[in-house]
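Have a look at the picture first.

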2 protein chains.
Amino acid sequence: MPAPTTNVDLPLAAELAQQLRVDSIRSSTSAGSGHPTSSMSAADLLAVLVGRHLRYDWDDPANAANDHLIFSKGHASPLLYSVYKAVGVVSDEELMTGYRRFGSRLEGHPTPVLPWVDVATGSLGQGLPDAVGVALAGKYLDELPYRVWALCGDSEMAEGSIWEALDKASYYKLANLIAIVDVNRLGQRGPTELGWDLDTYAARAAAFGARVFAIDGHDLPAIDQALAEAGDLSGHQPSVILARTRKGRGFSEVEDREDWHGKPLPEHMAERAVVELGGERNLLVRGPRPEGTAKPGPAADGAEVKLPGYERGQKVATRKAYGDALAALGVRRDVVAMDGEVSNSTFADQFAKAYPERYFEMFIAEQQLIAAAVGVGVRGYRPFASTFAAFFTRAYDFIRMAAISRASICLVGSHAGVEIGADGPSQMALEDLAMLRAVHGSTVLYPSDATSAAALVLAMADQEGISYMRTTRGAYPVLYDAGETFPVGRSKVLRQSDADQVTLIGAGVTLHECLAAAGTLAEEGIDARVIDLYSVKPADAATLAAAAAATGGRLVVAEDHHPEGGLGAAVLDALTGGGRTDLAVAHLAVREMPGSGTTAELLAASGIDAAHIAAAARRLLEAD
Amino acid sequence: MPAPTTNVDLPLAAELAQQLRVDSIRSSTSAGSGHPTSSMSAADLLAVLVGRHLRYDWDDPANAANDHLIFSKGHASPLLYSVYKAVGVVSDEELMTGYRRFGSRLEGHPTPVLPWVDVATGSLGQGLPDAVGVALAGKYLDELPYRVWALCGDSEMAEGSIWEALDKASYYKLANLIAIVDVNRLGQRGPTELGWDLDTYAARAAAFGARVFAIDGHDLPAIDQALAEAGDLSGHQPSVILARTRKGRGFSEVEDREDWHGKPLPEHMAERAVVELGGERNLLVRGPRPEGTAKPGPAADGAEVKLPGYERGQKVATRKAYGDALAALGVRRDVVAMDGEVSNSTFADQFAKAYPERYFEMFIAEQQLIAAAVGVGVRGYRPFASTFAAFFTRAYDFIRMAAISRASICLVGSHAGVEIGADGPSQMALEDLAMLRAVHGSTVLYPSDATSAAALVLAMADQEGISYMRTTRGAYPVLYDAGETFPVGRSKVLRQSDADQVTLIGAGVTLHECLAAAGTLAEEGIDARVIDLYSVKPADAATLAAAAAATGGRLVVAEDHHPEGGLGAAVLDALTGGGRTDLAVAHLAVREMPGSGTTAELLAASGIDAAHIAAAARRLLEAD
């Protein structure tokens, strides 16, 4: 590789911008898809940023002193990858033959399969919230002077999550966060809501606490000055640079024209565009490097976690055990917690009191809650994010994208199911298991007692990917002795004999109902096996299969969840995944819309209490 | 019932406010749960609103000329139900014995089991977006002078969805929308982000296009004046009334104190509170009534819908068929469409062009997209809301709450699964079937060809509850003749014989792969039955069971979705729901994180193409 030019002056930046445009066109035309015009509008911004302001050691992306560059407008991937070519980390050949191709790391939208990409983007309105999380880590955890630059599109300013992000950025005084908004006035199907009304954008951003710079996004000196001022860390506000730009800038046939979103130029147009843009270039440039190097946030440092102990039979809510265990886990300096303004219900407040410097209150903004978790995870921390289980539905897109970001984050949702009682259905998570099971590579845990809950919190802290624990509002008897182990992917058989005729499977509140049902059945001379399926995903196929084989395939599964996608589905998936099965399944779940009531009333009305479980078992035996 | 006082002057409103406080305390104390302090802060606002401004015929809640009153802060249900007592539609006895009790309509958070409640609230940040939908209908569809009043909490101003709502309210110039924000400065676990900083709230609301009124929320003349001005329909802006209030107002032991969120007063405190508030009252009041009466929006008026016809074998994308069918459905005046700025991809633009007066562009704000659908549904319209299938995950909480609202809305998501190709995983819906199946009472459809897609669009328009259709990006051969019927809950057997040894089940793109696999297998002498499971929920248990019985229980299910909660789960649920089953299932689904590529490459890499389906079938036969 020839030596790159390291002092990119503005005339060179102008050339660089043209190169980025040309390469955005060439790569997308070669791929036959992509978003060249959305790249061309922001090329001047990126040329000045990367050439003169972004402090990044391209030879050492693992240097934790590097600035961060997040493309919130992920569809401008041709621009990002063209930047990578310009700094010499991706070859022109890879750009031209890899972009959007099968097996290539240059995916249609950026993902962290690339070492310079922190988070997956492409679902709009997420990159900036993620950047807030990274900036939180920079200011409060790492205490390092890196900056987090997020390139946003103007269309995504319509997403509420953008305003959650700016709200939190100003609340937490994140001067290290700079949003650059590429206001090219054109969305996918036509003009954006606000067009080039920079005044309205500016008023909104200022009202949400940002320093605002409104500039012509093709005026290089203006860009340079705004980036310099915005990148200054001495203040207490995030910055928003509003750059008025023209989509497709630089090629007269498409510039500022509708109907060119997400369309590669046909080859003949691409040729004319390259000519109009001054031809192909192969500039190799580098911007400033960070001062010195830094290591990423503290690894799990081997601190011994002393889990809380509970007496068998003692009544303890699993949500309380979560708080106890999380506080215990705090001896690990990589563990960070955050909550959506309900920490006194989820018991995350126990961690907040013990380790206030590693706790972030996210208020009622669940999308930003998840994004903050992803962001601090980028910096090597292990986030635990909690709220009512029902309200994780607010952030499903963020959870899905976190999986694509290869994030390892721990989510804990309290107040699940009809068990919560009087508050009614808006507060009852009845879809959360389905939602989290369907996330790629996820782990879904649903403990029934405090001992297992605490042990599983510890397990989550080292689990890869998206981990979710569902906790329960009410206090139920502790079932296991302290020290019992609960491997992810296993289960516990709480009751069994050689004479078992039916298997009862539950988790959370329904496990206690299964145990009660087994007691009733035993009095009638019916032996029932009882399985605590605390690991809903992965589920313990071997134990389930053995139980099915031992009990004539007769299974009762009871869950405090809608019938689809939860515990019952997990059991069926596990049992049918390994060959031919002969099953007689009674699946008890919440099939009607619940209202208010006591826990006992609602469990009974939903048909998931001990009496219904016992009745279902009897029916299975009668049917055979 | 004695005659109510119909001219509520301010002195009487003050008494009414005290009654609302007293009854909020009494009802929640009697229930042993609830949010009295969150009710007390807003009692003055509601007394003046209901007594003097809300135009509502309490004897005729079906009068479509009535104003709407939506409690976005649904946890203030004691206040709402106390209002119902004050206007004489709920008795004191019902309030005291029903609130939060099992089987009662006075649920912990309001739901439309009450005739005066439009939408379920309790997940914060949703009532105002729903109100925007109702106001859209009022201004553009009904063209009636009703107003939509939404009572918001200050904590929920942290939800991005609130800003999506105000953005759309100003974009659509909804002068008929009035948000009243009860700024009591205390959230659940402590102070809110902004406390009593009304200036910042005001700057934000103004920047988002609202007329702003900042008042003392306990100053009755100030409230009265603000409500009068805000309720004036002559302008072009929504109104936001910022009312500085004190949580627990009126009872010195709790007023403006922390740690009293969501807690009923113990009986002895409740007694003291009632004394301090001047004792129990039984005022019966009525505010103004609307001028005249109006009927709700047009019912399905029997207009004959002429569905598009397609030639068998012609290649048509199901998303295109959606656009065709939706445009055809437009002859029904109750049908309304909206989209999240991708109407040229979902083909909702065909409706937009044909019926611009019944189309609402919601830009990239999926939460508001769903809320707008719910809101126009409140007014009797039948909304179709579309975006990329992946991006409905952004609005899962809204979809879940729509079910609790008993809304009938039609959702259509395009660009599902790895089939989309080069754009990569951020754009691939791989969780949508799981997400939508888990919604209470939902219908989930996944057509494989244009004929069935068009027919199912028509079916959706009369389906109760939440209906979802997944469409496909690419064009595939039409499989069915025009006029073929596709009842919800049924399926099509596309290939069968008495010699069938295995059943192949697909939907969408995988059905075409199943057909190809069956062709391959037939050449090898293996007869395979092929089922088009276009109705994923409810699934056709009878046809599936018959196929399983006829083919030795051997089933291959192939789906372009993660393994959890989708087509495979639907098949297993259907087959195990009816008694003992003997099954050998091969479940092909997207089990690894996809990248970019062509459709064929990605289907193959995910193991869901014809070759993998045929191989799975062979393995099932070999295993037996």
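## Overall build

How does the radius of gyration of chain A fit with that of a compact globule? This is a predicted model, and in it chain A has a radius of gyration of 27 Å. A compact globule with 624 residues would come out near 25 Å, so the value for chain A agrees with that. If you draw a box along the principal axes, the C-alpha atoms of chain A fill roughly 90 × 50 × 45 Å.

What about the inside and the outside? Of the 624 residues in chain A, 70% count as buried, and here buried means under 20% relative accessible area. The accessible surface of chain A is about 18200 Å², and carbon and sulfur atoms account for 49% of it.

## Helices, strands and contacts

Chain A is built with 22 helices and 19 strands. Now take the contacts in chain A with a separation of 6 or more: 78% of them come from residues 24 or more positions apart.

Strands of a sheet pair through backbone hydrogen bonds, and they can do so parallel or antiparallel. In chain A you can find an open sheet of 7 strands with mixed pairing, in the order β8-β7-β9-β10-β12-β11-β17. Which strands sit at the edges? They are β8 (359–361) and β17 (535–537) of chain A, each of which pairs on one side only. On average, neighbouring strands of this sheet are turned by 20° against each other, with direction ignored.

Let's zoom in on one pair. Strand β11 (residues 443–445) and strand β12 (residues 466–470) of chain A are paired in the parallel sense, over 3 bridges. One residue to look for is A:L445, whose bridge partner in β12(A) is A:M469.

## Helices on the sheet

Helix α17 (residues 450–460) of chain A packs on the sheet, where it touches β9, β10, β11 and β12 of chain A. The direction of α17 makes about 170° with that of β12(A).

Another helix to find is α11 (residues 318–329) of chain A, which lies across β7 (335–339), β9 (382–388) and β10 (409–414) of chain A. Helix α11 runs at about 160° to β9(A).

## Two chains together

How are chains A and B related? A rotation of 180° with 0.0 Å of shift along its axis superposes chain B on chain A, with an RMSD of 0.0 Å. That is the relation of a two-fold axis. In chain B, the C-alpha nearest the axis belongs to B:G160, 1.8 Å from it.

How values were computed:
Residues numbered from 1 in each chain as written. Chains lettered and ligands numbered in written order. Predicted model: local features only at pLDDT ≥ 70, side-chain atom pairs only at ≥ 80, totals over all residues. Heavy atoms only, no water. Least-squares fit on C-alpha atoms with pLDDT ≥ 70 in both. Pairing = 2+ DSSP bridges. Helix = DSSP H or I, 4+ residues; strand = E, 2+ residues; numbered from the N terminus. Axes fitted to C-alpha atoms, helices over the stretch in contact; angles between N-to-C directions. Contact = heavy atoms within 4.5 Å. Rg over C-alpha atoms; globule rule 2.2 N^0.38 Å. Buried < 20%, exposed > 50% of the residue type's maximum accessible area, 1.4 Å probe, protein only. Areas by Shrake-Rupley, 256 points an atom, 1.4 Å probe, with all protein chains shown as cover.
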